[in-house]
Amino acid sequence: MNNTLLATVDTNLVPVYAEIFLLIAASAILLIDMYLKGSRRDITYYLSLLTIVGCAVFSWADFNAGTTVYTFNGMYVSDPMANLLKLFTYLAVGLTLVYSRQYASERGMLSGNLGGEFYVLALFTMLGQMIMISGNSMLSIYLGLELMSLALYALVALRRDHATSTEASMKYFILGSLASGFMLYGISMIYGATGSLNLPDIAASAAGGANRTMLVFGLVFLVAGMAFKLGAVPFHMWVPDVYQGSPTAVTLLLGAAPKLASFAMVLRILVEGLGELAYDWQQMLLVLAVLSLAIGNLTAIAQTNIKRMLAYSTIAQMGFVLLGMLSGVVGDDSSNMAAAYSAAMYYSITYVLTTLGSFGLIMMLARSGFEAEQIADFKGLGRRSPWFAVVMTILMFSLAGVPPMMGFMAKWAVLQAVANTGAVWLAVIAVMFSLIGAFYYLRIVKTIWFDEAADTSPIVTPTDMRVALSLNGVMVVVLGLVPGALLSVCLQAMQLTLKS
């Protein structure tokens with residue numbers, strides 16, 4: 001790299017305007033919140049939403065430019081894939097804050113001297129996700145991952161007087177620290193073999209004859225750490241316990257937006273950095289994907305707690321994402337690569353949108369002293385609130401992959417990518433476990449429409465939450481009926497990213 005280019009890379013802060021704005025705004029909100037009384041805490045809520053909108057403006061401008069720009073000595077990249085994922089991350093975190101406001105307020109999470117910490121920590125988790133998404137070095141990706149994780153550890157334990165939340169936080173912290181250790185050890189092995197932490201340099205060293213044994217050794221630890229963050233089997237043991245034990249608002253922060261950042265992390269490290277070891281990590285992802293599909297879907301059938309059921313559903317859904325990732329290297333055909341990775345990205349976005357609505361409806365039914373965490377709590381929702389019963393039905397159909405919902409197109413895109421590799425048997429296994437998984441989604445639909453209501457009290461919901469949930473459900477249907485626009489945007493973003 002010549003001196004002129006190096007100077008440009010070092011001083012160009014345009015690609016990180018969104019991150020800089022978010023850091024300054026989150027710090028300012030933290031200070032402002034210190035002087036707000038409990039009755040005025042809505043100011044923190046609106047400032048947080050405005051901050052997310054501001055970040056979206058910067059990322060939208062970068063996305064429209066369609067260029068790839070590096071900064072910080074090539075450790076950070078702004079490319080079409082990163083900006084697209086960031087935009088959906090903003091949407092996910094923004095909707096989470098809207099859905100969570102009443103729930104968090106009723107449980108004392110927004111009261112006291114530190115009541116605004118829920119919003120501030122949520123913004124810092126988003127900052128960590130943005131750094132992960134744009135990381136072009138194992139060091140920057142790891143720093144983003146730890147920033148996100150540390151904020152999430154605190155959020156899970158936010159209800160300090162709640163024993164279940166405290167237990168979930170301890171489990172998440174201990175197992176998360178173990179996974180971070182795995183990743184850090186794997187990174188050290190990769191650094192020892194290549195002499196660099198920047199992904200392009202690692203890719204060049206791997207292609208140039210670096211010590212393959214040490215590379216594969218490091219790869220094993222890296223995949224283990226990343227599988228933990230995705231919640232893939234056999235590194236899934238934390239998912240159901242933490243999802244169930246966390247306050248539902250925090251469960252949504254855990255289960256939605258971080259999946260987009262985790263997808264970006266996997267693609268950056270495995271494809272852009274360790275593409276030369278594709279055969280090795282494809283075999284690992286194959287095992288993780290099949291086990292996740294099997295154990296996730298089969299175990300979810302036995303659950304009566306809807307948060308725990310959705311946790312096992314997440315494990316199964318991540319199996320599909322991994323199927324898309326392992327289908328990406330097909331000889332030297334770059335079009336097949338882009339199609340497979342864009343299918344995995346589209347699936348991740350689909351999962352996030354449906355998860356947002358699902359947990360949003362759980363929080364809508366919850367009230368002070370009642371969590372609405374059991375599947376039985378949804379009995380008679382069709383009579384209590386027909387419209388939101390329709391929304392929940394749409395979301396469950398989408399997760400099950402029933403046409404014409406968005407989830408069907410996502411599964412179809414991934415299965416098509418798998419079939420293009422010639423592994424038809426793998427696509428058949430995925431379809432088989434999806435059919436098994438449809439049972440527990442349809443069980444919720446049956447509970448909503450055909451079981452007698454145990455609770456007939458009116459559902460009191462803030463207007464902004466009702467509007468957001470309605471738009472969430474409509475979006476899942478519209479993007480299922482007209483999937484071409486988002487699919488093509490994902491494909492184009494992936495093609496431009498892979499060429500850069």
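1. Is Asn136 buried, partly exposed or exposed? Asn136 counts as buried, because its relative accessibility is 3%, where buried means under 20% relative accessible area, exposed over 50% and partly exposed in between (1.4 Å probe, protein chains only). Asn136 is placed in the loop between helix H5 (117-134) and helix H6 (138-156); helices are DSSP runs of H or I with at least four residues, strands are runs of E with at least two, and both are numbered from the N terminus.

2. The model is predicted: local features need pLDDT of at least 70 and side-chain atom pairs count only at pLDDT 80 or more, whereas totals for chains, interfaces and linings use all residues. Residues are numbered from 1 along each chain as its sequence is written, and side-chain values use heavy atoms, with hydrogens and water left out.

3. Leaving aside residues up to four places away in sequence, Asn136 touches Tyr70, Gly74, Met75, Tyr76, Val77, Asn198, Leu199, Pro200 and Glu272, a contact being heavy atoms within 4.5 Å.

4. On the overall fold, the protein has 21 helices and 2 strands. Its radius of gyration, taken over C-alpha atoms, is 22 Å, close to the 23 Å that the globule rule gives for 500 residues, so the protein is as compact as a globular protein of that length. That rule is 2.2 Å times the number of residues to the power 0.38. The C-alpha trace spans about 70 × 55 × 40 Å along its principal axes.

5. Buried residues make up 60% of the 500 residues. Of the contacts between residues at least 6 apart in sequence, 80% join residues at least 24 apart.

6. Most residues other than glycine have a negative phi, and most peptide bonds are trans. The loop between strand S1 (69-71) and strand S2 (76-78) holds Phe72, which has a positive phi of about 55° although it is not a glycine. Asn73 lies in the loop between S1 and S2 and has a positive phi near 55°. Phe72 is partly exposed at 38% relative accessibility, and Asn73 is partly exposed at 37%.

7. The peptide bond from Val233 to Pro234 is cis, with omega near 10°; Pro234 belongs to the loop between helix H9 (212-230) and helix H10 (238-245). The bond from Pro403 to Pro404 is cis, with omega near 5°, and Pro404 is in the loop between helix H17 (386-400) and H18.

8. Finally, Thr421 lies in the loop between helix H18 (406-420) and helix H19 (424-450) and counts as partly exposed at 35% relative accessibility. A polar atom of the Thr421 side chain lies 2.5 Å from the backbone oxygen of Val418. Gly328 is 93 residues from Thr421 along the chain, and their C-alpha atoms are separated by 8.5 Å.

Definitions and conventions: Polar contact = N/O pair within 3.5 Å; in protein donor to acceptor, adjacent residues only side chain to side chain.
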